[in-house]
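Subject: Structure handover, with notes on contacts and salt bridges

Dear colleague,

I am passing on the structure for you to look at alongside these notes.

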Amino acid sequence: KALTMAALDSQRDQQTIFDYGFDLPVKQDVIDKFKENTVKGSQFKQPLLEFSGACAGCGETPYAKLATQLFGDRMYIANATGCSSIWGGSAPSTPYTVNKEGRGPSWGNSLFEDNAEYGFGMYLAQAALRNGLISKVLDIAKDAQGDLKAACEGYLSTIEDGKANTAATKTLISELEKCGCDKANAILKDKDFLSKKSVWILGGDGWAYDIGFGGLDHVIASNEDVNILVFDTEVYSNTGGQSSKSTPTGAVAQFAAAGKEVKKKDLAAIAMSYGYVYVAQVAMGADYNQCVKAFAEAESYHGPSIIIAYAPCINHGIRGGMTIAQTEIKNAVAAGYWHTFRYDPRLAADGKNPFQLDSKAPTANYEDFIKNEVRYSALARSFPERAKELFEKAQETAADKYAKLVKLAQPYQEK
């Protein structure tokens with residue numbers, strides 16, 4: 001076993017060792033050596049999600065952890081009720097933490113049905129405060145001189161660049177504090193809202209595909225700068241494994257004991273139909289580089305974005321257990337069960353195809369893959385004839401979808 005319980009007093013001498021590790025300084029030279037929007041660079045950044053208490057091998061937490069490594073010091077998180085709100089905020093503790101400067105994700109939990117609206121409200125509220133501050137910076141910049149004027153100009157030139165604006169905001173605050181005038185003090189009163197924030201709306205497929213879909217659709221149609229991350233476990237995980245609109249054909253779940261008859265809802269296609277929404281479908285264990293790239297592109301896009309992330313769940317009944325969750329993600333893509341791609345509207349503005357298909361044609365057997373999970377193999381044992389019919393149907397659906405994605409990825413000609 002991994003842990004052996006011992007009396008607290010017998011372990012107190014280990015506190016100094018913990019304190020040493022905890023107090024080690026950030027190695028800025030190492031961080032600066034690698035671009036943070038790369039696989040290697042991102043992993044030198046401190047995760048601002050730790051000790052989550054999720055199921056061992058949970059497929060959701062790695063995506064949330066990555067987001068905090070990339071943007072955690074300026075994140076606002078609106079979390080739908082579900083697994084991610086349980087491991088993300090079980091009172092009286094939270095796995096989200098802060099960096100050496102005391103900055104970390106600002107987290108809030110909403111109801112199941114209105115999380116997208118809740119996160120949208122977060123965005124609108126801070127945007128209103130920030131826009132008011134930007135107006136005041138513009139005003140003080142008119143008469144400013146020297147370093148204060150340069151700081152104002154540096155801030156105003158980076159207002160839509162999250163990383164650059166963070167540094168520019170620090171410089172501006174320093175110069176405003178030196179100024180001490182009434183106009184400067186009026187800005188400093190709300191200085192926490194000066195820098196560009198990264199607003200993220202998190203939840204599972206039960207929320208995104210089903211109960212909260214109306215709100216999600218409304219928010220992505222709003223064309224505002226919000227980011228949505230969907231942990232797609234293809235089932236209502238937190239409430240015991242009920243079928244959702246994300247559950248694929250042939251999968252066994254509660255309310256689908258004989259295997260789900262109809263195919264999975266294509267949330268990505270719905271989002272792409274708007275044309276101005278950044279959309280990505282990712283699978284961390286299959287392509288780390290594509291996953292990190294999608295997160296970076298989504299956050300940098302000045303408009304709505306949605307990332308749909310394949311997340312193995314304990315409800316899947318994976319043979320080999322959740323210790324091989326990332327391998328299972330890789331196998332899902334290899335079998336053509338899950339596809340990875342990105343849709344970036346900025347490319348269309350440059351006359352390029354906004355759709356990029358990242359996953360290759362399947363190289364593994366589809367049925368072999370699904371039979372490695374109890375949610376499918378149970379159907380083959382209980383209803384073999386029905387399983388054969390639904391598995392063939394599911395495989396055809398997956399092949400048809402990939403064929404459509406290949407067509408979308410063909411050379412683009414602006415009309």
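Predicted model: local features only at pLDDT ≥ 70, side-chain atom pairs only at ≥ 80, totals over all residues.

Residues are numbered from 1 along each chain as its sequence is written, and side-chain values use heavy atoms, with hydrogens and water left out.

**Salt bridges**

Side chains of opposite charge can pair when their charged atoms come close. Taking a salt bridge to be a side-chain nitrogen of Lys or Arg within 4 Å of a carboxyl oxygen of Asp or Glu, the count comes to 23 salt bridges. Helices and strands are named here as DSSP runs (H or I of at least four residues for helices, E of at least two for strands), numbered from the N terminus.

One of these salt bridges joins the side chains of aspartate 139 and lysine 183, with an N to O distance of 3.2 Å. Because aspartate 139 lies in helix α6 (residues 115-143) and lysine 183 in helix α9 (residues 182-188), this pair ties together parts that are 44 residues apart in sequence. For accessibility, buried means under 20% relative accessible area, exposed means over 50%, and partly exposed is in between (1.4 Å probe, protein chains only). Aspartate 139, at 31%, is partly exposed, and lysine 183 is partly exposed at 37%.

Glutamate 177 forms a salt bridge with lysine 191, where the closest N and O atoms are 3.7 Å apart. Glutamate 177 belongs to helix α8 and lysine 191 to the loop between α9 and β3 (198-204), so the pair links parts that are 14 residues apart in sequence. Glutamate 177 is partly exposed at 46% relative accessibility, as is lysine 191 at 34%.

Since glutamate 297 is in helix α13 (residues 288-300) and arginine 342 in strand β7 (residues 341-343), the pair ties together parts that are 45 residues apart in sequence. Glutamate 297 is buried at 17% relative accessibility, and arginine 342 is buried at 5%.

There is also a network of salt bridges, which links Asp232, Glu234, Lys264, Glu373 and Arg375.

**Asparagine 165**

Which residues touch asparagine 165, once its neighbours within four places in sequence are left aside? With contact meaning heavy atoms within 4.5 Å, they are Arg130, Tyr155, Thr158, Ile159, Leu194, Ser195 and Lys196. Asparagine 165 sits in helix α8 (residues 162-179) and is buried, at 0% relative accessibility. Its side chain makes a polar contact of 2.9 Å with the side chain of arginine 130, and the side chain of asparagine 165 also reaches the backbone oxygen of tyrosine 155 at 3.4 Å. A polar contact is a pair of N or O atoms within 3.5 Å; within protein, one must be able to donate a hydrogen and the other to accept it, and residues adjacent in sequence count only if both atoms are side-chain atoms.

The axes of helix α17 (residues 374-382) and helix α18 (residues 384-408) come within 5 Å and cross at roughly 135°, where axes are lines fitted to C-alpha atoms, for helices over the stretch in contact, and angles run from 0 to 180 degrees between N-to-C directions. The contact is made by Tyr376, Leu379, Ala380, Arg381 and Ser382 of α17 together with Pro384, Ala387, Leu390 and Phe391 of α18.

Serine 377, also placed in helix α17, is buried at 5% relative accessibility and, apart from its neighbours within four places in sequence, is in contact with Arg319, Ile370 and Lys371.

Helix α6 packs against helix α11 (residues 213-221) at an angle of about 35°, with their axes 7 Å apart. Ala116, Glu117 and Phe120 of α6 make this contact with Gly215, Leu216 and Val219 of α11.

Finally, helix α4 (residues 61-71) is mostly covered, as 10 of its 11 residues are buried, among them Tyr63, Leu66 and Phe71.

With best regards
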